[in-house]
Structures are given as C-alpha cells and as structure tokens.
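Welcome! Let's take a friendly walk through this structure, one question at a time.

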Amino acid sequence: MDQYQHIAATEKFLRGEMSPDECRVFEETRRSNPAQDQLFVEHQLMLDRMVTYAERKRVKANLHDIHQTLQESGDIQPLEKEVQGKLLELWTRYRRVVGVAASIAGVTALLISGITAVFAPKAPITVVEELRRKVSRLERQSSNQRAEINAVRKKIEPGREVSFGGTSFLIDAKGYLVTSAHVLTDATGVVVQNHTGEEFRATIVFADIQRDLAILKIEDDDFLPKSALPYGISRNGMEIAEPVFTLGYPKDEVVYGEGYLSARSGAEGDTLSYQLSISANPGNSGGPVINRKGEVIGILNARQAKAEGVVFAIRSLNIYRLVEEMKDQNLAKGLRLSAASQIKGLDRIRQVRKIQDCIYMVKVLM
Amino acid sequence: MSRSDRDSLLLKGLALNEKDAIHFIYKENFSLVQTLIIRNNGTEDDARDVFQEALLVLYEKSQTDDFELTCQIRTYLYSVARRIWLKKLQYLKRFESPDEDLVETVSIEEDLEAHEKRTAQYGVMKAAMGRLGEPCKSLLEAFYVHQKSMVEISAYFGYTNADNAKTQKYKCLMRLKKLFFAEYKPQ
C-alpha cells in the first residue's frame, strides 16, 4: 500500500465509511506491520487535527456572520464609555509614566536653574531711568506766569497741574503723534505744545505698555494739518556707528542732540531697542531718533542710570506694528505711515528746521 | 419553557453549529461582555474578539462526550470572557483590578486550559495550511471546512471526475503532512 492509498484508507476508516470486511483487512495490516501502524497513527493525528481546524474555522465564520447581522439589525450597538472619559482613562493608564516624566522634568529644571545660578555672571541689573521729565516747581512757576500772560490762548484749564513732560513727533500730517507710553502714565489729559509755544489738546488713541509706545491725536480746531511730513519712518534696521540726531523737550524749548548707534540691542539684550550714545535728559522720552537721510529709526525711551550717554531707543519698526494693531481694532482712521524722507540731501541745519515743526512737547495733566 | 430548558435547547443548537441558536445566544449575551471589556480598558474590537472566543470555548465544551453545563449560558460566557480578558490585560501590561463583576462567575479554568491547548493545535494546522500553497489549500478547505462533496470540488477546480479530484486531494494531504509534522511538537 503506498502512502496515498494509505491515507485514503485511514480517512475512510476514520469516517466509518469502510465495510466490515475492509475494516478487518485494514486492522489486520496495522497489527502485522508496525511500519503501517506508525503511518496510521501519523495520518490519524493529522486528519484529526484537520477536522478540528476545519470545525473551528466554520464556527468562527459563523460567529463573524452573526456579529455582522446583529450589528446591521442594531441588536448590538457600540457602547459609549459611560464610566470614564478618554482623558481620565489615559490618565489612569499612564499616570505612572506621567509621574516619572514630571519628576524627571522637575529635577532637570532645578538642576539647570541651579547651574545657571552658579555659573551666570553676577552682573547687576541695569538700572534704567525713564526720560520723562518731572516738571520742576520753578518751571511750573514760569509756565504758570506765562499762563497768566497768555490766559486767552491757554489750553490747560486753570487748576489742573502739569506734572510730567515728554516729547512726541508727528507720524501722520493729519495730527497723529507718537510718544513713549511711560510719559503718559496716570494721565487724565494731554496737551501738546509745538516749538513756537502753541498748545493743542490731544487724546490718547492707543498705548502699548510692552513696547512703551503710545499714539496721540491732536483734536483741536487750532491745529492746521500739514501737507506732508519731512521725515520718513524707517522699516529697516540700522548699522552700528551710524550717526543719528534727536530733537526733544528736556526743557521748555526744543533741544538738538547728536550721537551714534552704539549697539543693535537695548538694555539687557532687548531686541526691540537700540542702544545709542547720545546726550539725552528727562523730557527727551518719546523724541525721534533720526539718521542722516532724514529717516526716523527709533523713539527715545530710557537711559542707563549710572552711565553717561547710554540711551535706549525703541526701533521704529514697532510703530508700524503698533499701527497694524490699531487698524485691527479700527482705531487708526486715515492713519498712514510713510517711509519716504523729503529731506534726504539737505544739510543738518535745514533738516532740523523742517523737522522741528513736527516735534511737540507732551504735557501730561493729572 | 424554563430557563434551563431553553438553555439546553440552545446548547444543542450550538453543538451542531446551528446559526439560529448561536444567533440567539449572541444577541442575548454580547452586550454584557461588551460592557465588561469596555469598562476595563478594552475596545469594540476587543469585545468582539473576546466574546467570540468565549463562545468558541462553550462550543468546544459542547463537543465533549460528557458535556454538561452546570450554570446558565450567560454566567458561563461571562466567566470565560472575564478570564480571557484579564489574561490579555496582564499580557499587555494594562492590568488593573477589574470593576466589580456584573454577574456572578463560575470556575472555568479547566475549560480554558483545554481551549488553549486546542488553540495551539489550531495554530499548528493553520501555519501548515498557510505554507501549503494553491490549489491545495483551497481544495482541502473546500472539502474539510466548507464540506463540499468531491463532485462539487472536481467541477469547481476543473477536474475531469471526482476520482481525479480525490487523487489530487490525497496528494495535497501528503504535502500537508510534511509541513504539519515540521511544525508539530508532541505535547
């Protein structure tokens, strides 16, 4: 009997399809021939396994079909997790991992801050003094005297005190001015005064404490809008050592100052600012920093308290950003900035003569 | 009809792999097991797999000669499913003590042991069948799994007659035998 015949016979035997005679012959062969018997055992085992394999496959297929049918008929439905939400479940599942991660992070943070504290240079925190001017009693007296003289033209209501002063300059000929926000701290009213001593009422349109910038608008019938500004507002950065000048009101008349850009960042690495070497005094805050082409490159805002001539100016690009924010809030009606300078080729004296018309003293009323 | 009478009728149907009986058992008990699995970090798919495996355990139990179910079908399925799922959770290291039980449980360890043995055997045959290649695999499955007659098979596979198909079937079985014993490890 060859192997095919043998497996066929084994199967026939196992299925009970053999006649009694065939059965007897088959069993006799097994008994007399151990090799045939061994073959029978192998074939029986394999066929047995085949039957159970097939059986399980059938049941599985049946279960699969039934699941499908029940799902389609809606008899079984997906269960919403009513006991706990996904987050809670994730938390319970991973809380140990999270705990370990958090403690590692905590230890690392402590370590780093410790190392930083040990190795960082112990530089004293730069003391920066804002350049707004405290109006001295003397000056107040003199301005009071002038107020009495010019009572008719005075914009400041009697009885209100001018407490602080700064500088501002036009960024739009229609009467928009920019100044330092710190100049306006605690202001209840603002009056601006030009270099000829004329005063105009102004309102604070927008202030950004972070950038230390504020926008004022002259709201006064006496104000005659100009056709265009002589200077442009620069969008670009500056090079170290570029000469710059400023105009401002550290006292009751406009004062010119000259210097150069000494660093491209401000106090303690503040990249919103420049560091200048220029003489500036309280009252210069909010004044323009202008390069030789007649472009405003910054707004003066502070000086280092313990070093002479170290002054910081906010980059002029921030004016553009501020105006964009105002436009988002619908506060910049008709406000348009120009980068084009009209006084590019002029000598400094003529430049200043044109510019000073646009520089205003800020008087803060409290 | 009392509950136990109904259960024994259903079990008879299950033992014969009858669709109606299994459909009924499935419909009655699936949501209980599903709730158990989902409440214990499982998914819809986990619920389906575990429930079907539990049903398979019950089916296999129903095939034994001295088959007798001493508890309700519901209790049995729940106990098996619970045990299977706990094992899986332990395996996946997601183990947490399960929620309090929804129904009482019975001891099913022996049945599960038998089931696991069968699962291992099933795996051996499945692997051997997987390596067998065509047309042998389809031919053997047609005969053993789908229980087609040799006449049907010879028509389907294009043999001239049933005897030719039979010869082919035994050739395939001989090939399978080699693969099967290569996988097979006596227990």
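Helices and strands here are DSSP runs, numbered from the N terminus; a helix has at least four residues and a strand at least two. This is a predicted model.

Q: What is phi of D186(A)?
A: D186(A) is a residue other than glycine, and its phi is positive. The value is near 65°.

Q: How many helices and strands does chain A have?
A: Chain A has 366 residues, and 31% of them are buried. Its secondary structure includes both helices and strands. The count comes to seven helices and 15 strands.

Q: How many helices and strands does chain B have?
A: Chain B has 187 residues, of which 30% count as buried. From the N terminus on, its elements run α-α-α-α-α-α-α-α. That gives eight helices and zero strands.

Q: Which element of chain A gives the largest share of the side that touches chain B?
A: In all, 29 residues of chain A are in contact with 33 residues of chain B. The elements that give two or more residues to chain A's side are α1 (3-14), α3 (34-73) and α4 (86-119). By class, that side has 16 nonpolar, four polar and nine charged residues. The largest share, 17 residues, comes from α3(A).

Q: Are α3(A) and α5(B) roughly parallel or roughly perpendicular to each other?
A: The axes of these two helices come within 9 Å and cross at roughly 100°. Angles of 65 to 115 degrees count as roughly perpendicular. α3(A) and α5(B) are therefore roughly perpendicular.

Q: Which residues in α5(B) meet α3(A)?
A: From α3(A), the contact takes in R49(A), M50(A), T52(A), Y53(A) and R56(A). The residues of this contact divide into four nonpolar, two polar and four charged. On the side of α5(B), the residues are R118(B), Q121(B), Y122(B), M125(B) and K126(B).

Q: Why does the packing of α2(B) with α3(B) count as oblique?
A: Helix α2(B), residues 19-39, and helix α3(B), residues 44-63, have their axes 9 Å apart. Angles over 145 degrees would be roughly antiparallel and those of 65 to 115 roughly perpendicular, with the rest oblique. α2(B) is oblique to α3(B) because they pack at an angle of about 130°.

Q: What is the handedness of the crossing where α2(B) passes α3(B)?
A: On α2(B), the contact is made by residues including I25(B), F30(B) and V33(B), while α3(B) brings V50(B), F51(B) and L55(B) among others. By class, the contact has 10 nonpolar, one polar and one charged residues. The crossing is right-handed.

Q: Where is N17(B), and is it exposed or partly exposed?
A: N17(B) is in the loop between α1 (3-15) and α2 of chain B. Its phi is near 60°, a positive value in a residue other than glycine. With 17 other C-beta atoms within 10 Å, N17(B) is partly exposed.

Q: Which residues does a cis peptide bond join in chain B?
A: The place to look is the loop between α5 (109-132) and α6 (136-145) of chain B, where P135(B) is found. Omega of the bond is about 5°. The bond joins E134(B) and P135(B).

Q: Which residues touch the most other members of the largest nonpolar core?
A: In soluble globular proteins, nonpolar side chains tend to be buried together. The largest nonpolar core here has 60 residues. A second, separate core of 30 residues includes L63(A), L11(B), V50(B) and I84(B). In the largest core, the residues that touch the most other members are L177(A), V192(A), V289(A) and A313(A).

Key: Residues are numbered from 1 along each chain as its sequence is written. Chains are lettered from A and ligands numbered from 1 in the order in which they are written. This is a predicted model: local features need pLDDT of at least 70, side-chain atom pairs count only at pLDDT 80 or more; totals for chains, interfaces and linings use all residues. Axes are lines fitted to C-alpha atoms, for helices over the stretch in contact, and angles run from 0 to 180 degrees between N-to-C directions. Angles under 35 degrees count as roughly parallel, over 145 as roughly antiparallel, 65 to 115 as roughly perpendicular and the rest as oblique. A crossing is left-handed if the near helix is turned anticlockwise from the far one by less than a right angle, and right-handed if clockwise. Two residues are in contact if their C-beta atoms, placed from the backbone, lie within 7 Å. Ala, Val, Leu, Ile, Met, Phe, Trp, Tyr, Cys and Pro count as nonpolar, Asp, Glu, Lys and Arg as charged, and the others, Gly among them, as polar. A residue is buried if 20 or more other C-beta atoms lie within 10 Å of its own, exposed if 12 or fewer, and partly exposed in between; C-beta atoms are placed from the backbone. A nonpolar core is a set of buried Ala, Val, Leu, Ile, Met, Phe, Trp, Tyr and Cys residues joined through C-beta atoms within 7 Å.
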